[in-house]
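I set down what I looked up, entry by entry.

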Amino acid sequence: MPRAYISGVGMYVPPKVVKNDDLKAWYDTSDEWIYTRSGIKERRWVEEPASTAELGLYASQEALQQAGLSPQDIDLIIFATLSPDLYFPGSGVLLQHKLGLETTPALDIRQQCSGFVYGLSIADQFIRSGMYRRILLVGAEIQSTWLDYNPEGRTVGVLFGDGAGAVVVEATEDPNRGILSSHLYSQGAYAMELCIAEPSSATRSHELPGSYGMRPYMNGKEVFRHAVQRMGEAVQVALSAQGWKPEEVDLFILHQANIRIVQAVADFFQLPMEKFFNNIHKYGNTTAASIPICLYEAQAEGRLKAGDKVILAAFGSGFTWGSVALIW
Ligand code: COA
């Protein structure tokens, strides 16, 4: 049975840097509050108009180049985003067209901050089954366009950024590299704790004057509590599946939602923070894009080397969570 491995990584973030203090234009907030509560110093925001699929395209082109492939070599596109260009169809088909492809299948998944981990697991299954050999997996988000810029939107508004990451997942017969296991979970009982409720098929919200619009809601404390617990469990299940001790893992990459969540997981496993790759200070929470952006930068900084034991884990809206264990 073939194994799946990541043969190329790419990322793209818009050039416009928004520092914490810049957010004072909308919110009663401070650099000190944002940094100590979340670890974020700045984030990237698009100049409008912008397209999530286009951000994904730039990241994909780099990933394909690194893999030494052209778009025509790709058997399947998986696009993870909570901020698609259109309500439907998904951004995957838009990306497919931008890549100059005719009929390559494109699949959107909506697993929010867990989108990349879910996507990697899906890619792994398609490759193990033998159905596809080369899959392009993209996580891309434009979140600055739906943030609530009213004063009450500050808790969520300061956390999120725009960006894209992409990987090429390929089949290999090499037993010494690739994805070893993945574990996925969700718990819809908490769906309303972190959501954008409109536009909705449940209400005719667009017909009610003044009520239409995308407004994120987050119960920050509840989300934080679950994130720490579930991310820790996701790491533990990956360790157990591989029989790895925590200290044997070369690099952990956890979804970048809040540095205090990563710190709590590191403390739980009694690991130094150096074992965890973080870049939330530069980009904020880029949702489905955060893990592939980390993969790109970790590789560029020499912190991911062939043969390294790696665990990826994410938690987010749904609630959804999961992990992947792999050999780089
Ligand atoms: N700037 C300044 N003050 C702010 C603020 C902001 N941007 N946002 C909230 N506050 C205020 C609150 O109003 C509150 O004031 P009060 O005590 O007078 O009521 C105070 O700061 C503390 O707010 P609180 O919500 O208790 O802060 P916190 O320590 O829980 O941190 C989060 C808030 C959002 C950073 C934290 O809950 C969190 O990270 N949650 C999880 C987020 C997450 O992971 N989301 C994505 C999952 S993928």
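This is a predicted model: local features need pLDDT of at least 70, side-chain atom pairs count only at pLDDT 80 or more; totals for chains, interfaces and linings use all residues.

**Entry 1: helix H9.** Helix H9 spans residues 290–300 and is mostly covered, with 9 of its 11 residues buried. I listed the buried residues of H9 as Ser 290, Ile 291, Pro 292, Ile 293, Cys 294, Leu 295, Tyr 296, Glu 297 and Ala 298. Just after H9, I noted that Gly 302 has a positive phi of about 75°.

**Entry 2: Phe 277.** I next looked up Phe 277, which is placed in the loop between helix H7 (259–268) and helix H8 (280–283). Its relative accessible area is 2%, so I recorded Phe 277 as buried. Setting aside neighbours within four places in sequence, I found Phe 277 in contact with Cys 294, Glu 297 and Ala 298, among others. Cys 294, Glu 297 and Ala 298 are among the buried residues of H9. The contacts of Phe 277 also include Leu 251, Phe 252, Ile 253 and Gln 256, as well as Glu 301 and Arg 303. I also checked His 255: its C-alpha is 9.8 Å from that of Phe 277, and the two residues are 22 apart in sequence.

**Entry 3: Glu 42.** Is Glu 42 buried or exposed? I found a relative accessibility of 17%, and Glu 42 therefore counts as buried, the limit being under 20%. Glu 42 belongs to strand E3 (residues 42–44). Not counting residues up to four places away in sequence, I found that Glu 42 touches Val 17, Val 18, Lys 19 and Asn 20, and also Ile 280, His 281, Lys 282, Tyr 283 and Gly 284.

**Entry 4: aromatic pairs.** I counted ring pairs with centres within 6.5 Å, and the count came to 13 aromatic pairs. One of them joins Trp 26 and Tyr 149, with ring centres 5.2 Å apart. Trp 26 lies in the loop between strand E2 (17–19) and helix H1 (31–38), while Tyr 149 lies in the loop between strand E6 (134–141) and helix H5 (154–157). The pair thus links distant parts of the chain, 123 residues apart. I recorded Trp 26 as partly exposed at 36% relative accessibility, and Tyr 149 as partly exposed at 27%.

How are the rings of Tyr 190 and Phe 319 arranged, stacked or tilted? I found their centres 5.0 Å apart and their planes at 5°, so this pair is stacked. Tyr 190 is in the loop between strands E8 (178–186) and E9 (194–196), and Phe 319 is in the loop between strands E12 (309–316) and E13 (320–327), so the pair ties together parts 129 residues apart in sequence. I noted Tyr 190 as partly exposed, at 22%, whereas Phe 319 is buried, at 1%. Ring pairs also link Tyr 190 and Phe 319 with Tyr 185, Phe 315 and Trp 321 into a cluster.

**Entry 5: a charge over a ring.** I found the charged end of Lys 41 over the ring of Tyr 35, at 4.7 Å from the ring centre.

**Entry 6: helices H2 and H3.** I looked up the axes of H2 (residues 52–67) and H3 (residues 91–98), which come within 9 Å and cross at roughly 55°. I therefore classed H2 as oblique to H3. The crossing is right-handed. At the contact, Thr 52, Ala 53, Glu 54, Gly 56, Leu 57 and Ser 60 of H2 meet Ser 91, Leu 94, Leu 95 and Lys 98 of H3.

Technical notes: Residues are numbered from 1 along each chain as its sequence is written. Side-chain values use heavy atoms; hydrogens and water are left out. Rings of Phe, Tyr and Trp (its six-membered ring) pair if their centres lie within 6.5 Å; planes under 30 degrees apart count as stacked, over 60 as edge-to-face and the rest as tilted. Helices (H or I, at least four residues) and strands (E, at least two) are DSSP runs, numbered from the N terminus. Buried means under 20% relative accessible area, exposed over 50%, partly exposed in between (1.4 Å probe, protein chains only). A charge sits over a ring if NZ of Lys or CZ of Arg is within 6 Å of the ring centre and within 35 degrees of the ring normal. Axes are lines fitted to C-alpha atoms, for helices over the stretch in contact, and angles run from 0 to 180 degrees between N-to-C directions. Angles under 35 degrees count as roughly parallel, over 145 as roughly antiparallel, 65 to 115 as roughly perpendicular and the rest as oblique. A crossing is left-handed if the near helix is turned anticlockwise from the far one by less than a right angle, and right-handed if clockwise. Contact means heavy atoms within 4.5 Å.
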